[in-house]
Amino acid sequence: MKDYNILLEQALNISIDYLDNLNSKPVFPTKDDLACLDNFNESLSITGEESNKIIKQLDTFGSRNTVSTNGSRYFGFVTGSVYPVAHAANWLATTWDQNAALYDMSPIASKLEEVSEKWLVGLLGLKKDSAVSFLSGSSEATLCGLLVARNTLLQRKGYNIVEQGLANCPEIKIVMSEEIHSSVWKALNFLGIGKKSVTLVKSDQDGRLDIEMFPPVDDTTIVILQAGNVNSGSFDPIADIVEIAHNANAWVHVDGAIGLWAAACDKLKHLTNGIDSADSLTADAHKTLNLPYDSGLLFCKDRKQMIHCLQASGDYLSFNTDKRDGMLYTLEMSRRSRVIELWSTLKFLGKDGVENLVNQLCDNANYFSKQLEKNGFKVLNNVFFNQIVFQFNNEKDTKILLDKIQNGKIMWCGSTIWKNKKAIRISISSWKTTKEDIDLCLEHILSISKEIYKSKHDNCLNIML
Ligand SMILES: *Cc1c(COP(=O)(O)O)cnc(C)c1O
């Protein structure tokens, strides 16, 4: 055990040191850092190597090649950080090494899933006996949700897809916004639903599905909506569409990877009106809720049907009637007990804490965008949630600015194309981001912009910014 202790202490010390220096380290590795990755180009050892040297190598060449997503100035994609309580719970979960597939494999994981399910359903105001799956992320959640949707609609038509397969299957139609996330397309591909069965609905200037353009649907249609557009943060008009869709016995699935958490906030929950009637919904806890990876959620209004569609069986598997067996709700069988971190974070934050977190992310996005506009940048979206897309002068200057931001050390954000315009995209997703961080980033962006402007107008005395 002594060696074990020494190793864990080594990891603890490295971790504390890493976290202490996170704010002074470049947000994205520098060229010199990246060159160090060559140290990993080794052939596999024949006899194995010493554990402490392996951890040391990870720290020496690995730590500097991490992206500071656990810091306060990373704005790429939609990327949360981690709360200390979840970090500690994660270590404990690894110590326990629980497989959350079955109650018989981990009573504690099963119990925490049962409890967290109730908490989440209450927090988001969903129907009381909605079921929750704890899976790897919204991609898996969408795949599972759409599988339940497809199989249920077919079952209602008297078609058993498990028996009969896709060959003579009645067509399942999809209606969704042109702004839908790429992971939905991927899920449709997995499910054997082709592009020819998809009707894309136009969206408005904020990326919200345009209800005026919504086509007729029927009982073989899955309508897929969005709560939180990945660029603009906008929300589709969920309540109105659910009503139309349910009148026609269609299924409604909501991709709420980023935005479903708005339902936990008094100020924002009007954006998610109608989610309690949706048939299935997804959310990512590793984004807005700042959980460690990988922590996605699927919600289904009809628990029985969900389990019916997602079940697997085998002679060696014993399911419990009165205890939760997690694998009945997911694609995965063996699964780390990610719920341990989720439960800890929910317990740490409480209802108010979740609300404050989401409000803080949105307030920060609002502040950042206002400051950008004040300083002459073009913010291209209405800031509904935590997302900002903006331009500097024109597409060319925007690209130069982005390159310089990405090659600087202060912050990192990505690019996108928003309504046919190339833009810089900022996602405020970390609980650690403060107004001071934003001021620092603004100062940085302004000074780069001035340089760009100056190099273009060398003789010009009047600098725009
Ligand atoms: C991130 C995201 C997804 C995919 O989720 P993963 O957890 O990365 O699999 C789906 N939809 C939206 C809107 C997202 O932002």
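Guide: In strand β9, Q391 is the bridge partner of K378. Strands here are DSSP runs of E with at least two residues, numbered from the N terminus. This is a predicted model, in which local features need pLDDT of at least 70 and side-chain atom pairs count only at pLDDT 80 or more, while totals for chains, interfaces and linings use all residues. Residues are numbered from 1 along each chain as its sequence is written, and side-chain values use heavy atoms, with hydrogens and water left out.

K378 belongs to β8, which covers residues 378–379. Two bridges join β8 to β9 (residues 387–391), and these strands run antiparallel. Two strands count as paired if DSSP finds at least two bridges between them. Next along, V379 stands opposite F390 in β9.

β9 also pairs with β11 (residues 421–427), again in the antiparallel sense, over four bridges. There, Q387 has S427 as its bridge partner. Put together, four strands make an open sheet in the order β8-β9-β11-β10, with antiparallel pairing. Its edge strands are β8 and β10 (414–418), each of which pairs on one side only.

How much of β9 is buried? Five of its five residues are, where buried means under 20% relative accessible area, exposed over 50%, and partly exposed in between (1.4 Å probe, protein chains only). Both faces are covered: Q387, V389 and Q391 lie on one side, and I388 and F390 on the other.

Strand β5 (residues 251–255) is likewise largely enclosed by the rest of the structure, because five of its five residues are buried. W251, H253 and D255 point one way from β5, whereas V252 and V254 point the other way. β5 is joined to β4 (residues 221–226) by five bridges, and this pair runs parallel.

A polar side-chain atom of D255 lies 2.7 Å from a nitrogen atom of the ligand, and one of D284 lies 2.7 Å from an oxygen atom of the ligand. An N or O atom in the side chain of H181 is 3.4 Å from a ligand nitrogen. A polar contact is a pair of N or O atoms within 3.5 Å. Of the accessible area of 380 Å² that the ligand has on its own, the protein covers 84%; such areas come from the Shrake-Rupley method with a 1.4 Å probe. There are 13 residues around the ligand, and S138, S139, D255, D284 and K287 come nearest; a residue is near if one of its heavy atoms lies within 4 Å. By class, this shell has three nonpolar, seven polar and three charged residues.

Lastly, the cysteines. The structure holds zero disulfides, a disulfide being a pair of cysteine sulfur atoms within 2.5 Å. C144 is in none, and the nearest cysteine sulfur, that of C300, is 9.1 Å away. C144 counts as buried because its relative accessibility is 3%. For C169, the closest cysteine sulfur is in C309 at 13 Å, which is too far for a bond.

Notes:
Polar contact = N/O pair within 3.5 Å; in protein donor to acceptor, adjacent residues only side chain to side chain. Nonpolar A, V, L, I, M, F, W, Y, C, P; charged D, E, K, R; others polar.
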